[in-house]
Amino acid sequence: MKTKDKNDLKTNGLSEQGVLNQHPDRVKDPRFKENEFFDPRDLLQVKYEMIRKVTTEGEPVVQAAQEFGFSRPSFYLAQTAFAKEGFPGLIPKKRGPRTRYKLTDEVVKFIKKVQTENTSLRPKDLVSRVQAHFGMRVHQRSIERALGDKKKR
């Protein structure tokens, strides 16, 4: 297997796992330049080596963060996550809301009930009904997604 093919496979694997370093060019630590074992594309390895260098070699945080392509606050976040969870703590967390916090099951049941009673209502019309009944504003697209999700199940 050619080196380029091997690199492409690893890049794809890292990307699929969510641990591909988006800025490998920012890693300036000599180990990552001199030794093929150290891969600047591997975000877990880069973060771990940054933490290790500060912890075991006593390198100042500011210097280590710069060498590994991170900010000082990012170093402290990684250090805390690693101390709490080990390697899994270094894996980036998905951003954004984890669940629908406005469209609870109760709200979705209400929307379905109102729509069943009056099939001519569109999601745009349901926005005002939800606001009147629950006192909260939801986006039309949220209602469309919720109804679509229920239909798919």
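Trainee: Is Arg52 buried or exposed, and how is that decided?

Mentor: The test is relative accessible area: under 20% is buried, over 50% is exposed, and anything in between is partly exposed, using a 1.4 Å probe and protein chains only. Arg52 has a relative accessible area of 19%, so it counts as buried. This is a predicted model, in which local features need pLDDT of at least 70 and side-chain atom pairs count only at pLDDT 80 or more, while totals for chains, interfaces and linings use all residues. Numbering starts from 1 along each chain as its sequence is written, and side-chain values use heavy atoms, with hydrogens and water left out.

Trainee: Where is Arg52 found, and which residues does Arg52 touch?

Mentor: Arg52 sits in helix 3; helices are DSSP runs of H or I with at least four residues, strands are runs of E with at least two, and both are numbered from the N terminus. Once residues up to four places away in sequence are set aside, Arg52 touches Arg31 and Glu57, where contact means heavy atoms within 4.5 Å.

Trainee: How does Glu85 count on that scale?

Mentor: Glu85 belongs to helix 5. Its relative accessibility is 43%, so Glu85 counts as partly exposed.

Trainee: What about Val127?

Mentor: Val127 lies in helix 7, residues 123-134, and is buried at a relative accessible area of 8%. Beyond its neighbours within four places in sequence, Val127 is in contact with Arg137, Val138, His139, Gln140 and Ile143. For Val127 and Arg137, 10 residues apart along the chain, the C-alpha separation is 7.0 Å.

Trainee: Which residues have the most contacts inside the largest nonpolar core?

Mentor: A nonpolar core is a set of buried Ala, Val, Leu, Ile, Met, Phe, Trp, Tyr and Cys residues joined through side-chain atoms within 4.5 Å. The largest here has 20 residues, and Phe32, Val46, Met50, Phe68, Phe70 and Phe75 have the most contacts inside it. At least two residues each come from helix 3 (43-57), helix 4 (61-67) and helix 5 (72-85). Helix 3 gives the most, with six residues. There is also a second, separate core of 14 residues, which includes Ile111, Leu121, Val127 and Leu147.

Trainee: What is Phe70 in contact with?

Mentor: Apart from neighbours within four places in sequence, Phe70 is in contact with Leu43, Val46, Lys47, Met50 and Ala65.

Trainee: What volume does the largest pocket have?

Mentor: Rolling a probe the size of a water molecule over the atoms shows where empty space is left. A pocket is an open set of points on a 1 Å grid over the protein atoms alone where a 1.4 Å probe fits, with protein on both sides within 12 Å along at least five of seven lines; lining residues have an atom within 4 Å of a point. The largest pocket has a volume of about 390 Å³. Of its 14 lining residues, Lys47, Leu77, Ile91, Pro92 and Lys93 are the closest to the centre. Helix 3 and helix 5 are the elements that give two or more residues to this lining, and helix 5 gives the most, with five.

Trainee: How many helices and strands does the protein chain have, and what is its radius of gyration?

Mentor: The protein chain has eight helices and zero strands. The radius of gyration, taken over C-alpha atoms, is set against a globule rule of 2.2 Å times the number of residues to the power 0.38. For 153 residues a compact globule would be near 15 Å, but the protein chain has 24 Å. Its C-alpha trace spans about 70 × 40 × 25 Å along the principal axes. Of the 153 residues, 32% count as buried.

Methods:
Points joined across faces, edges and corners; volume = space filled by probe spheres on them.
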